[in-house]
Amino acid sequence: MDIRQLKYFVGVVEAGSFTKAASLLHVAQSALSLHVRQLEEGFGTQLLVRDRTGISVTASGSKLLARARTILREIRLTEMELTNTVASPSGEVTIGIPSGAARVLSGPLLESARNELPRISLKMIEGMTGPLEEWMAAGRFNLAVLYRTLESAERMTVLAREEFYLVVPPGEPPFEDEIPLSDLHAFPLAVPMRNNNVRRSVADVVAQHGCVLDVRFEVDSLSTIINMVMEGKAYSILAPSAIQREASQGQVRTVKIIDPVITRSVVLAVSPKDEQSPAVSAVRKLIPNVTKTLIESGQWPATAPARA
């Protein structure tokens, strides 16, 4: 017995004859007769009786008919449920996002998720990159936006590429648009803690070129670092996305670091246990689209990666 045989058997009974069933099911009448005969041979009992007016159901056929309808209905419901899950996923998705990226990405992402994925509840946890890395490794997030050097981002979805700038208090030097890496030693810095990916990215480049930095404050709070720069207490090294609002209002200035330029990748990581989740997959596809729109509109001062 297989599903097709049950479907044909029910079709013949509901049509009232093999001829009508063959037309409705788009199957040759001889094939229908063969499948019903195979069912009867398999059960060892007669299921249908042919007569002048069509067919009638035996006692055994009546029992099979009730069960077959239940089985076929459950199969249809299962197909609908699975299809709807992929087409309109639902559930809760938790994403970790660094404070800098959150300033440009959080609002548009939440809005897009609300419009395009209304059955998904998106929970966003913002923090500095050090703790985010640890929480992602511990399985606390389904997805995480993280920072990587260009070389270490190969197996992840690259969302954007950002360059680092010296963030300067208003009215303070340097007044040029660019500054060589070797000249950064002259400015007292407030930077994230040593376990922070941003800090490591800058420190690696500085060490490679034999330069030094005057790190006065180590602070794992982006808002505190920005406030210190605004108040003239320190300089910092950040990506433009982190201080775009303050820079546009003249509360800080940005000076591009050159010789060399320091670049990082903004990547999207997924927890291995959630790769097959329809809800996680839907959000995972949405984030690069939102990021691309932000970059193209100039709302995210970064470079979009080349798409294959």
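1. Accessible areas here come from the Shrake-Rupley method with a 1.4 Å probe. On that basis, the protein chain exposes about 16,200 Å², and carbon and sulfur atoms supply 50% of that area. Please keep in mind as you read that this is a predicted model.

2. Now for the overall build. The protein chain's secondary structure comes to ten helices and 13 strands. Its radius of gyration is 32 Å, whereas the globule rule gives 19 Å for 308 residues, so the chain is more spread out than a compact globule.

3. What share of the 308 residues is buried? Buried residues, meaning those under 20% relative accessible area, make up 45% of the chain.

4. A word on contacts along the sequence. Taking the contacts between residues at least 6 apart, 76% join residues that are at least 24 apart.

5. Which residues lie nearest the centre of the largest pocket? They are Lys7, Val10, Glu14, Leu72 and Arg76, out of 15 lining residues.

How values were computed:
Residues numbered from 1 in each chain as written. Predicted model: local features only at pLDDT ≥ 70, side-chain atom pairs only at ≥ 80, totals over all residues. Heavy atoms only, no water. 1 Å grid on protein atoms, 1.4 Å probe; cavity = no way out; pocket = protein on both sides within 12 Å on 5 of 7 lines; lining within 4 Å. Helix = DSSP H or I, 4+ residues; strand = E, 2+ residues; numbered from the N terminus. Rg over C-alpha atoms; globule rule 2.2 N^0.38 Å. Buried < 20%, exposed > 50% of the residue type's maximum accessible area, 1.4 Å probe, protein only. Contact = heavy atoms within 4.5 Å.
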